[in-house]
Amino acid sequence: MAKKSDVKGAFLTDIQTLRKRAREHIEKGAVTPGYKADRDTVIRILNEALATEIVCVLRYKRHYFMANGINAQSVAQEFLQHANEEQMHADEIAARIVQLGGEPNFSPEGLATRSHAEYVEGDSLIDMIKEDLVAERIAIDSYREMIEYLGNNDSTTRRMLEGILAMEEEHADDLASLLEELGA
Ligand SMILES: [Fe+2]
Ligand SMILES: [Fe+2]
């Protein structure tokens with residue numbers, strides 16, 4: 001176990017121990033012995049989040065092209081912007097999985113099952129917006145749970161998820177405003 005210094009600042013690991021520990025298992029890169037979260041669980045939930053983001057990209061892309069077809073340019077642009085932002089989230093999450101020593105799961109097999117949110121095509125513009133809003137609300141709750149689960153055990157992952165959560169909240173707000181404007 002790490003020796004704690006018994007002088008001032010007793011909660012800090014002493015310098016010698018810190019230096020020695022850093023030299024052990026250097027193949028683990030950013031994951032040091034001080035990493036407190038359950039790495040396998042974190043990688044698993046991040047892969048579920050990755051699947052969710054990919055499904056959201058696909059759904060928003062479908063909605064973007066369909067809305068374009070029915071001459072709803074401003075709504076289509078909103079869908080496209082969300083699609084691009086969900087893609088950014090997917091990339092951030094995949095990069096963090098690798099940093100934690102895991103592998104991002106991009107397999108199309110089982111994608112819809114791994115995802116929290118659903119892929120619903122929607123028959124009308126209003127339907128599409130409603131389905132996107134439902135998906136965002138699912139994402140908001142699942143990110144919030146992940147953040148609570150991580151607590152102070154992996155602050156880097158938590159901060160990343162907090163950033164994503166804030167954007168999902170913006171997305172949900174955008175969609176709710178669109179519904180209102182369209183009188184739905
Ligand atoms: Fe997202
Ligand atoms: Fe979103």
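Donors are N, O and S atoms within 2.8 Å of the metal (3.2 Å for Na, K and Ca), and water is not among the atoms, so sites may look incomplete. The model shown is predicted: local features need pLDDT of at least 70, side-chain atom pairs count only at pLDDT 80 or more, and totals for chains, interfaces and linings use all residues. Residues are numbered from 1 along each chain as its sequence is written, chains are lettered from A and ligands numbered from 1 in the order in which they are written, and side-chain values use heavy atoms, with hydrogens and water left out.

**View 1. Glu 86 bridges the iron ion (ligand 1) and the iron ion (ligand 2).** The two ions lie 3.9 Å apart. Helices are DSSP runs (H or I, at least four residues), as strands are (E, at least two), numbered from the N terminus. Buried means under 20% relative accessible area, exposed over 50%, and partly exposed in between (1.4 Å probe, protein chains only). His 89 is buried, at a relative accessible area of 2%, and Glu 168 is buried at 1%.

**View 2. The iron ion (ligand 2) is coordinated by glutamates and a histidine.** Its donors are Glu 86 (OE), Glu 136 (OE), Glu 136 (OE), Glu 168 (OE) and His 171 (ND1), at 2.0 to 2.3 Å. Along the sequence, the donor residues are spaced E-x49-E-x31-E-x2-H. Glu 136 in helix α5 (residues 125-150) and His 171 in helix α6 are 35 residues apart, and the pair links distant parts of the chain. Glu 136 and His 171 are both buried.

**View 3. Helix α6 packs its buried residues against α2, α3 and α5.** Contact here means heavy atoms within 4.5 Å. The buried residues of α6 include Met 160, Leu 161, Ile 164, Leu 165, Glu 168 and His 171. The expected span of a helix is 1.5 Å times one less than its number of residues. For the 27 residues of α6 this gives 39 Å, and the end C-alpha atoms are 39 Å apart, which agrees. Just after α6, Gly 183 has a positive phi of about 70°.

**View 4. The second largest pocket is lined by 13 residues.** A pocket is defined on a 1 Å grid over the protein atoms alone, as an open set of points where a 1.4 Å probe fits, with protein on both sides within 12 Å along at least five of seven lines; lining residues have an atom within 4 Å of a point. Tyr 35, Arg 96, Asn 153, Asp 154 and Ser 155 lie nearest the centre of the pocket. Helices α3 (73-99) and α6 (155-181) each give two or more residues to the lining.

**View 5. His 25 and Gly 102 both lie in loops.** His 25 is in the loop between α1 (15-23) and α2 (39-69). Its phi is near 50°, a positive value in a residue other than glycine. His 25 is partly exposed, at 47% relative accessibility. Gly 102, in the loop between α3 and α4 (111-114), is buried at 16%. Not counting residues up to four places away in sequence, Gly 102 touches Ile 43 and Ile 97.
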